[in-house]
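Here is a short briefing on charged side-chain pairs in one protein model. Keep the structure open while you read.

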Amino acid sequence: IHTLNKFKDFKGAFHSDAYEAYESLSTRDDIVWQPCWAHARRKFFDSQSADPIRMDILLKINKLFEKEEEAWNINKIEGYTNTDKSEERLKFRNENCKPIVDEIFNDITNAFKTGKYMPKESITLAMGYLLKRKKHFKSFLTNSELRIDNNVSERNIKPLTLGRKNWMFVGSDNGGNTTACILSLVQTCKNLKINPREYIENIL
């Protein structure tokens, strides 16, 4: 409920894991959702299944990440406008990333057609995680500014995650909001290479 309220006026594209509230937002016409391929890859990695498809999908997702790194290296080309970079990235993705993505989903679809996978098997859940959100996992192929993972955000909230047990009793909803604001300021400072302590001392 809190998440949906926070995003009630939001329009545009966003990255996230497959948390239920985020997935609910993806049903709106004014929102584009890009689920995280790193989370999807982890499902296959953690499954530890002996089925050959597990390693096959992992290798293809790794290849997709390699190609995406090349796609973003287009930003380093001198003389390109932002429009040029966006157009070139989409062109590159169409030629190099789309075939990999199509192969992944074709492999999963064909695997399910065999009927050999039990519903609660870890490899079944991993494949279902991708297939259920097929449309959204492809969002980056038509939106040049989307990335295939949520890793930047994940890294930024890691300090909060690591310290969560210490901050469990923040006192109230208001205390939680205050904590979120302070940590957001600190992380923004770090991203902009500003000393967080000096910044906060200055504004106070």
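E145 and R89 join their side chains in a salt bridge, with N to O at 3.2 Å. The model is predicted. E145 sits in the loop between α7 (134-137) and α8 (151-163), and R89 sits in helix α5, so the pair ties together parts that are 56 residues apart in sequence.

**The E145 site**

- R89 is buried, with a relative accessible area of 2%.
- E145 is partly exposed, at a relative accessible area of 46%.
- S86 also has its place in helix α5.
- The side chains of S86 and E145 are joined by a polar contact of 3.0 Å.
- Leaving aside residues up to four places away in sequence, S86 touches S144 and E145.
- S86 counts as buried because its relative accessibility is 18%, and the cut-off for buried is under 20%.
- E145 therefore has a salt bridge to R89 and a polar contact with S86, with R89 in helix α5 and S86 in helix α5.

- D51 and K116 meet through their side chains in a salt bridge, N to O at 3.5 Å.
- D51 lies in the loop between α3 (37-47) and α4 (52-73), while K116 lies in the loop between α5 (82-113) and α6 (122-132), so this pair ties together parts that are 65 residues apart in sequence.
- Which end of this pair is buried, and which is exposed? D51 is buried, with a relative accessible area of 16%. K116 is exposed, with a relative accessible area of 52%.

**A pair within helix α5**

- D102 forms a salt bridge with K98, and their closest N and O atoms are 2.8 Å apart.
- Why are D102 and K98 about one helical turn apart? They are separated by about one turn because they are 4 residues apart in helix α5.
- D102 is partly exposed, at a relative accessible area of 22%.
- K98 is partly exposed as well, at a relative accessible area of 33%.

**Network and total**

- D56, K60, E103 and D107 form one network, joined by salt bridges that share partners.
- How many salt bridges does a search of the whole structure find? The search finds 13.
- Among them are E145 with R89, D51 with K116 and D102 with K98.
- Side chains of opposite charge can pair when their charged atoms come close.

Methods: Residues are numbered from 1 along each chain as its sequence is written. This is a predicted model: local features need pLDDT of at least 70, side-chain atom pairs count only at pLDDT 80 or more; totals for chains, interfaces and linings use all residues. Side-chain values use heavy atoms; hydrogens and water are left out. A salt bridge is a side-chain nitrogen of Lys or Arg within 4 Å of a carboxyl oxygen of Asp or Glu. Helices (H or I, at least four residues) and strands (E, at least two) are DSSP runs, numbered from the N terminus. Buried means under 20% relative accessible area, exposed over 50%, partly exposed in between (1.4 Å probe, protein chains only). A polar contact is a pair of N or O atoms within 3.5 Å; within protein, one must be able to donate a hydrogen and the other to accept it, and residues adjacent in sequence count only if both atoms are side-chain atoms. Contact means heavy atoms within 4.5 Å.
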